[in-house]
Each structure stands twice: as structure tokens, then as C-alpha cells.
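Please keep the sequence and the structure in view while reading.

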Amino acid sequence: MADIKIDGNFLGTVAALAERPRRDPALPLPGGNLTGVRCLELFDAQLGSRHLDLAARELGARGEGYYTIGSSGHEGNAAVAAALRPTDPALLHYRSGAFYLERARQVPGSTPLSDVLLGVTAAAAEPIAGGRHKVFGHKALEVIPQTSTIASHLPRAVGVAFAVERAARLGLPLPWPADSVVVCSFGDASVNHSTALGAFNTARHCAYQKLPLPLLFVCEDNEIGISVRTPPGWVRSVYSGQSSPRYFTADGTDLVQAAQVAAEAADWVRQHRAPAFLHLRVVRLMGHAGSDVELAYREPAELDAQARRDPVLRTAILLVEHGVLSPAEVIARYEDKRAEVAAVAETAAAAPKLAGAAEVMAPLAVRQPPPVAVPATTDRLTLAQGVNQALSDLLAEHPEVLVFGEDVARKGGVYGVTRGLLKKFGPARVFDTLLDEQSILGLALGAGLCGLLPIAEIQYLAYLHNAADQIRGEAATLRFFAQGQYRNPMIVRIAGYGYQKGFGGHFHNDNAVAALRDIPGLVIASPSRADDAAAMLRTCAAAATVDGQVSVFLEPIALYHTRDLHTADDGGWLAPAGCAHVPLGSARVYGDGTDLTIVSFANGVPMSLRVAGQLVERGIHARVLDLRWLAPLPVEDLLREANATGRVLIVDETRRTGGVSEAVTMALVDAGFPGRITRVASADSFIPLGGAAQHVLVSEPQILVAATTLCA
């Protein structure tokens, strides 16, 4: 087995070394500024990381461990931790064992071996994720937990670095020192991912504009992603010739060189407040994970060559050849660390696990913020004006609020929703971004971690889908992996749905919300008129501030500038932006008809109200329930209004498959609603251009027919 071979190779090679004359360990070792004393500290982190990998595989073989992706071959990243401060925020990839141990050494009272093994054994006492996933993370170490999704944390890292500087510029408090450096590590396979490329481009874009961005990218290049080769020299050829990020490179298996270059890179970023790219050339030992049989795709000679570059072995040889330790002392340290890790592993394996679904899901609970005061106003506004007023109020009341996205500043938004905010609050708080949804969301993710309240705009719902993982895999999972110790409060405003007149087609009329509705813990707001929009935006902001909540705020484009409801110039859809507090998951009822309850949201609400007026002429008296929140659904209000009439018609402008009506129907069924239920929904189709859109979207004639049939 690979682990046995690497273990044996280390012991055999060290045992065969000749003892050298002793030298003062306080002196620098040849080739750099690393002293023997400092080298011993880093060697201890390397040994700990190696034995954690070996223990994880042993625990897995016994059925007591559940994660065997290791750091073997990457132990040179201890040098990166040594080059940084323990207060520098770190977003690490999954081969960062030695970094984590060296970072922990700098913080008294840390127990990194226990931290990692509690994660491997999925123990509830694991200090960051509580047994929900094996991640490197710890609040006291400022290691922010990351998912295993390839490169998905890079946009967030850019956002943290941007927000560190922006918060300082605004005079706002930070969770870290103002001169912090953000470090973000990843593998060579990740540099090819569009998410990574977008992050590098955004960093370069900031540097080009002289915007400070203190970010150290660390690419740990082992030249293989599971079984797919990275062409030799590929990373260097792509990134060494760029003007930004500034390129540094080192042999990550040579601890002296790695420490020297990592210190140079970190110091450069801290001094220049600009991004750098540290290319550490490493090896991957013992395969991708415990289940990976490398001989299926690598030749024995190649594996032997990799073993000779083992960074732990090379550090041991360094210490022996320069008289810091004897071979016997190296082996003694190696075996002592094995015994120490084994003892911690036994304790971790016996530690209690998560006891049930309620405990697993506890971090995902959506908590109701306290009631929010909404300023009174007598002006009757459109939906767009109501959102604008709420944004203006939030910016005025909360100095930590930022509003940003494509075209939101100088233009004031494609539909004028953010018009005037730049002039009123300035470019430090209201600004345009580059046209990259992943980077927009990454900026929000980072700003939230820095204590700011980002309100990001995605210009159209259809534009969200190429960046949805930044919400699904990053924003929504942080509370799951950090149990509230780290938070990324944010509001994502998205213009969406159909029914636009004069500007149509799929990408500007998208009614697909299924990709959002199944994200655990995500709040989805969907107002239909000005008063609700203003109050709900304030509720989302309060939830973000109080509980770190992530909210998506879906704004129906076709209602942005709608003024009338029943007839021309009746002003029936105008409303004052000041109104009562709207709690999360609370619906709104129009009318008190006793024959039928029509349940809808967004564009469906005014459509349903018009149909309700027509039903009166047929002797049918209906009430209309505006859900307002798609998650959490207002189930209590839904059941109350459904039971009031015994008949429910769901009007769903999203698609029939995966649309909102599925959730509403099942909420009624699960609660044992005894009455009749039917629904009308848009077709399972993309929305075409022009009048053809009416063939696939829910229409008022359809609602009228369905309501009449249900009440027959």
C-alpha cells in the first residue's frame, strides 16, 4: 500500500544517513534565512501532518474514519503559514495539514491534531463544522472553512481582500488588523477552472485600476488532478509572464527555499497591498485519497521519483546533513509523533457523533429577526421606487452597507432601480463591478466576512445560473461548516420573471427558480408591490445583520414601473414605501371571499386580483394570498387561508416542473388539507421573444377558467 511504502521509505532512508558534526541550531541553514530552530518547528508541523494522513487511513480501514484526502507531499505549505501572521485570514484547500499545524503553533492553547482527527471521525466536538464535514477551519486561527468544490473559494478570497481595504477606507471596524494579508491556496488542477480564472482576472482588474487588494494566491502544483496530468511547466508558463498578480515560485519540497520565497511573497503583498501568485512546486504522495490506486495510471518509476522528493524526508535529510539532528533523533521524533497522533486518534474515534437530524440541521435554521421599523411615507410609489427608497434608507442608516453590481452606479441600474444612490452615497459604497457574476457574488461573500453588509445585484435571473455555486456551495454552506463562528451576511437582488413588454427573450425573462428553492437555509423574497418590497428588504437586512442570513431578493421586472391595477390611470398598484414590518415567511391577504383562495406571488398577484374581480360577476367570491416569501414558505398563513374557503387555486408563473406550485401543493397535502387543490403554471419551456411568450406563460384567461372550474 502507498502509505506503508512512504512510511517505510522515510524510515529506511533516514536510518541509512551518516551522522554529521553538530552545529548551532540558532544559525541560518545554507540557502536562506531559516535557522535550525525555526526549521525544527516547521519539521514538527510536517511530521504532524504526515502522521495525520497515516492515521486517517488507518481509521478508515477500521470503519471509524470518513476522510482520507491527505496532505502528503504538500507539507512544504508549513512555510507559507510561517511567512504569515496568525491573524491573516486563510482560505485553504484540502491539502493544507502542515499549514494548519504551523498556524496553530503560533496560537497558544491550540489543539490542531485533535481538531483534524475529530473532523476525520465526524465527531460532534470538532471545533468548526461540528462533525458535518472534514474541513480545515478554526475561528481562533482565522482559518475560514472551505468546501471541497474545485476553486469555488477563490472569488470569496478576492472579496475578502477587497473588503479589508474598503472597510478601512470607510473607517469601519474589521475582524482582522488593517494591514492583513489574505491567503488562498489551491491545486494546479484548479487553475484551469473558470471560477479560478474569473478570480485571477478580477484581482488583475483591481490591480490595473490601482485598487488595493492584499491577496496571496498559493498554487500548490503537484502536476496532477486525481488522474489527469497537468502538463509540465503549464502553471509557470501561464502565470509567470503576467504583470499581475506578481509571480513568485519555489520548490515546495525544499523547506529552506519555500520559507525564503514565501516570506518574500507575503511581505510584498503586505507592503504593496496588491495580489501575488506563489507557485509552490510539490508532489502528491499516497494518491488522491485512500481509495485511489495510483498504479492504475502512474508508472512505478514515476512513483519512486515522487517518493525521493518527499518534503518530510528532504527536511529530515537537511537537518541531519547540517548537524541539527542525528538520524536516530529524527527517527525518534518521527515515532514520537506517530504515537502522539495515534493516541489522539483513539480519543477522536470514541467521541460522540451528531445525534439526529435536528442537530445536523441546527446551523441552517432561519431565525426571525426582531421587528424592523419602516419609515412612514405618504408618497405612493412603484415597485422600483420602493426598492430604491429602501436601499437609500439602508445606506443612510447603516454605514456598513455596500450596493454593487453591473450598471448599478453611474447608470443607476438597467431599470433605474438604483438611480441616484451613487450621487448620494459616493463611489466607495455604491459602485459598478466588472461583468462577471461569480466575482460579484464572491465580493459579497468576502465583504460579509469582513463585517460589511453587501447588497449585490445580479442583473437578470438567467445570469445567475453560471454563478449559482457561489450561493449554493459557498454562501449557504458557511453556517453549516462554521456553526455561526463565521458569517457571510448578504442580500442578492435579482431582476427576474417574465411578462416584460418590448424587451423579451429568454435571458431577460427567466422564470426558473428551482436552483434556488432547494438550497438549505436560503431566504428567498419575492415582493410584488412597493410597500412589501421596502419592508421585506429591510427584514432581509435585519436578518443579515442579526444572524448572518443569506437572502435572495427576486424582483419582478414587469412590475417595476407598473402603476395601475384594474384600469388605466387607477393607480391601483402604487403604494407607500413605509408600512408595517413584514416578518420572514409571512404572507399577505387581499379580500375575504369565502368561495376560493387564490395563492400566488410576484406577477401572479395583480393577475389574480384582476381575475378575482371578474369572478365576482360570476357569483364567486375569492381572496388572494400573496406568498411574498418563497423560502421559508408562509405555511401557517397558507393553511389558514386555505381552510377559510376549502378550495385553493395556485397561480404559478414559474415552470410547472420544479416551480413554486409544487412546494405549495405539498405543504397543503402534508398538513392534511381536506379541500380541493388545483394549479395553473407556466409551461416547461424557455421564454421566447415577442408575443410567443404568451403561449407558455400563465395568463389571466387560464386563471379564470381554472377558478371557475374549481368552484363549479
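Helix H2 gives the most to the lining of the largest cavity, namely four residues. The model is predicted, so that local features need pLDDT of at least 70 and side-chain atom pairs count only at pLDDT 80 or more, while totals for chains, interfaces and linings use all residues. Residues are numbered from 1 along each chain as its sequence is written, and side-chain values use heavy atoms, with hydrogens and water left out.

Rolling a probe the size of a water molecule over the atoms shows where empty space is left. On a 1 Å grid over the protein atoms alone, a cavity is a set of points where a 1.4 Å probe fits but cannot get out; a pocket is an open set with protein on both sides within 12 Å along at least five of seven lines; and lining residues have an atom within 4 Å of a point. Grid points are joined across faces, edges and corners, and a volume is the space filled by probe spheres set on the points. Six cavities of 30 Å³ or more are present in the structure.

The largest cavity is lined by 15 residues, and nearest its centre lie Asp-53, Ile-69, Gly-70, Val-116 and Lys-134. Helix H2 (36-61) and helix H5 (112-120) are the elements that give two or more residues to this lining. Helices (H or I, at least four residues) and strands (E, at least two) are DSSP runs, numbered from the N terminus. Among the residues that line the second largest cavity are Tyr-67, His-93, Lys-134 and Ser-148.

In the largest pocket, 31 residues form the lining, and Gly-498, Tyr-499, Gln-500, Lys-501 and Ala-558 are the closest to the centre. Helix H22 (residues 604-616) supplies the largest share of that lining, three residues.

The table gives the volume and the lining classes of these spaces. Ala, Val, Leu, Ile, Met, Phe, Trp, Tyr, Cys and Pro count as nonpolar, Asp, Glu, Lys and Arg as charged, and the others, Gly among them, as polar.

| Space | Volume | Lining residues by class |
|---|---|---|
| Largest pocket | About 560 Å³ | 15 nonpolar, twelve polar, four charged |
| Largest cavity | About 120 Å³ | eight nonpolar, five polar, two charged |
| Second largest cavity | About 80 Å³ | five nonpolar, four polar, one charged |

**Strands and sheets**

Strands of a sheet pair through backbone hydrogen bonds, either parallel or antiparallel. Two strands are counted as paired if DSSP finds at least two bridges between them. Strands E7 (residues 246-251) and E8 (residues 276-281) run parallel and are joined by six bridges. Between E7 and E8 the chain passes through helix H9 (residues 255-272), and this β-α-β crossover is right-handed: with the strands pointing away from the viewer, the path from the first strand over the helix to the second runs clockwise. Asp-251 stands opposite Arg-281 in E8.

An open sheet of five strands has mixed pairing and the order E17-E19-E18-E21-E22. Strand E17 (588-590) and strand E22 (676-682) are its edge strands, each pairing on one side only. Strand E18 (residues 596-600) pairs with strand E21 (residues 647-655) in the parallel sense over three bridges, and Val-599 has Ile-650 as its bridge partner in E21. Helix H25 (residues 700-710) packs on this sheet, touching E18, E21 and E22, and its direction makes about 155° with that of E21. Contact here means heavy atoms within 4.5 Å. Axes are lines fitted to C-alpha atoms, for helices over the stretch in contact, and angles run from 0 to 180 degrees between N-to-C directions.
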